[in-house]
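Here is a short briefing on one protein.

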Amino acid sequence: MKGVKTMKEETIKEEAIKEEEERVQTIILRKPVKYAGKEYAELSFDFDVLTGLDSLNIERELASLGKSSIPLALNSEYLIRIAAKACTSNVGSDIFTSYMSLLDHLEVTKMARNFLLRGVL
């Protein structure tokens with residue numbers, strides 16, 4: 001029958017939604033942020049969409065700016081750029097440094113650091 005979903009199709013769809021919800025991490029900002037004409041009360045991140053090329057491009061960007069090459073999981077500049085790439089909203093890394101409260105900034109860097117460390121532990 002066309003238009004009628006089977007129980008199996010519904011289960012598959014529900015599992016896919018649950019998997020995406022587990023993969024995407026959301027933080028509720030302590031203080032909403034106005035950025036590029038829009039106000040954000042929360043931001044979501046999907047770190048699993050990142051590629052090795054994303055990491056290499058960020059490393060090159062930091063090197064071209066003369067930034068330190070301390071281990072990536074300890075480098076706040078790297079972590080913020082990774083978070084910006086993983087953010088499901090269209091924002092630049094400056095939202096995390098110039099617009100966001102310090103506590104929210106630290107929460108975002110912790111989230112990015114945990115993602116990186118989870119991959120190597």
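The protein has 5 helices and 2 strands in its secondary structure. The model is predicted. From the N terminus, the order of elements is α-β-β-α-α-α-α.

**Whole protein**
- The protein has 121 residues, and 31% of them count as buried.
- Its accessible surface comes to about 8200 Å². Carbon and sulfur atoms account for 54% of that surface.
- Take the contacts between residues at least 6 apart in sequence: 56% of them join residues at least 24 apart.

**Helix 2: extent**
- Helix 2 covers residues 52-64, which is 13 residues.
- From first C-alpha to last, helix 2 reaches 18 Å. That is close to the 18 Å expected at 1.5 Å a residue.
- G66 follows helix 2 and has a positive phi, near 75°.

**Helix 2: buried side**
- Which residues of helix 2 are buried? They are D54, S55, I58 and L62.
- These residues lie on the same side of helix 2, because they cover an arc of only 100° around the axis.
- An α-helix has 3.6 residues a turn, so residues three or four places apart point the same way.
- Helix 3 (76-86) is included in what covers the buried residues of helix 2.

**Helix 2: exposed face**
- The face turned away from the buried side of helix 2 carries exposed residues.
- They are G52, L53, R60, A63 and S64.
- Exposed here means over 50% relative accessible area, while buried means under 20%.

Notes. Residues numbered from 1 in each chain as written. Predicted model: local features only at pLDDT ≥ 70, side-chain atom pairs only at ≥ 80, totals over all residues. Heavy atoms only, no water. Helix = DSSP H or I, 4+ residues; strand = E, 2+ residues; numbered from the N terminus. Expected span 1.5 Å × (residues − 1). Buried < 20%, exposed > 50% of the residue type's maximum accessible area, 1.4 Å probe, protein only. Arc of directions from axis to C-beta. Contact = heavy atoms within 4.5 Å. Areas by Shrake-Rupley, 256 points an atom, 1.4 Å probe, with all protein chains shown as cover.
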